[in-house]
Amino acid sequence: DETKRKIKSIADRLNYNYKSKNTVDKNGIKKVNTIGVICPEIKSNYYAQILSTIESISREKGYSIIMGFTNFEYENERHYLELFVKKNIDGIICITEGVDIGQDLKTLRENNDIPIILVATELKVQECDSIKVDDYLGVTMAMEHLIELGHRDICYIGDLFSQGRLNTYLE
């Protein structure tokens, strides 16, 4: 009993989740307490912050994450979806700027019992819970703030994936 208490004390101090055990889902398939995260890249602060938050919260809840980076390429998104299904992960978070993956997500939800969360600006898939970035609101608020400060010559810098933001800026 004393040794058991010491081990638990050390585990608590190291934030080791000894209470979390792999369980079995309703179909008798072993859960692996792992979430697959598909993301375009981690070079930008935007994606790095999202992934850091996902990892931190997942760890707190007793889950590990497996990350797949797509370099904004549809075939890589498909590859990771298929890989995560084969690995029997417990859920998928798909962060994407593309619109091609929508049908794949729909098919995956129809044929599997894996929860999916979609994080995207343009794409909507009814079969998935999603977090949509409201570019219109964000750009409008930024522009109003700069104008209220008296700025009139406001430059816009964007990329291929920010056409919606550019349109709002121009408006």
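Colleague: Read along the sequence, what pattern does the protein chain follow?

Modeller: Keep in mind that this is a predicted model. Along the sequence, the pattern of the protein chain is α-β-α-β-α-β-α-β-β-α-α. That gives six helices and five strands in the protein chain.

Colleague: What percentage of the residues is buried?

Modeller: Buried residues are 30% of the 171 in the protein chain.

Colleague: And what share of the contacts comes from residues 24 or more positions apart?

Modeller: Such residues account for 54%, counting the contacts in the protein chain with a separation of 6 or more.

Colleague: Let's pick a pair of helices. At what angle do the axes of α3 and α4 cross?

Modeller: Helix α3 covers residues 74-86 and helix α4 covers residues 102-111; their axes cross at roughly 10° and come within 10 Å. That angle is under 35 degrees, so α3 counts as roughly parallel to α4. The crossing of α3 past α4 is right-handed.

Colleague: Which residues meet there?

Modeller: From α3 there are Y74, R78, L81 and V85, and they meet D104, L105 and L108 of α4. By class, this contact of α3 with α4 has five nonpolar residues, two charged ones and no polar ones.

Colleague: Staying with α4, which of its residues are buried?

Modeller: The buried residues in α4 are G102, D104, L105 and L108. They line one face of the helix, because they fall within an arc of 165° when seen down the axis of α4. In general, residues three or four places apart in an α-helix point the same way, because there are 3.6 residues a turn.

Colleague: What do the buried residues of α4 pack against?

Modeller: They pack against α3, and also against strands β3 (91-95) and β4 (116-120).

Colleague: And on the other side of α4, which residues are exposed?

Modeller: E110 and N111 are exposed on that other side of α4.

Colleague: Switching to loops. Where is T70?

Modeller: T70 sits in the loop between β2 (64-69) and α3. T70 counts as buried because its relative accessibility is 1%, and the cut-off for buried is under 20%.

Colleague: What does T70 touch?

Modeller: Leaving out residues up to four places away in sequence, T70 touches I38, C39, P40, N76, E77 and Y80.

Colleague: F72 has a positive phi. What is the value, roughly?

Modeller: The phi of F72 is about 60°, although F72 is not a glycine. F72 is in the loop between β2 and α3. With a relative accessibility of 32%, F72 counts as partly exposed.

Colleague: N88 has a positive phi too. Where is N88?

Modeller: N88 is in the loop between α3 and β3. Its phi is about 60°, and N88 is not a glycine either. N88 is partly exposed, at a relative accessible area of 27%.

Colleague: Last topic, L83. Which helix does it lie in?

Modeller: L83 lies in helix α3. It is partly exposed, with 28% relative accessible area.

Colleague: How many residues separate L83 and G36 in sequence?

Modeller: L83 and G36 are 47 residues apart in sequence, and in space they are 9.3 Å apart, C-alpha to C-alpha.

How values were computed
Residues numbered from 1 in each chain as written. Predicted model: local features only at pLDDT ≥ 70, side-chain atom pairs only at ≥ 80, totals over all residues. Heavy atoms only, no water. Axes fitted to C-alpha atoms, helices over the stretch in contact; angles between N-to-C directions. Helix = DSSP H or I, 4+ residues; strand = E, 2+ residues; numbered from the N terminus. Parallel < 35°, antiparallel > 145°, perpendicular 65-115°, else oblique. Left-handed = near helix turned anticlockwise from the far one by under 90°. Contact = heavy atoms within 4.5 Å. Nonpolar A, V, L, I, M, F, W, Y, C, P; charged D, E, K, R; others polar. Buried < 20%, exposed > 50% of the residue type's maximum accessible area, 1.4 Å probe, protein only. Arc of directions from axis to C-beta.
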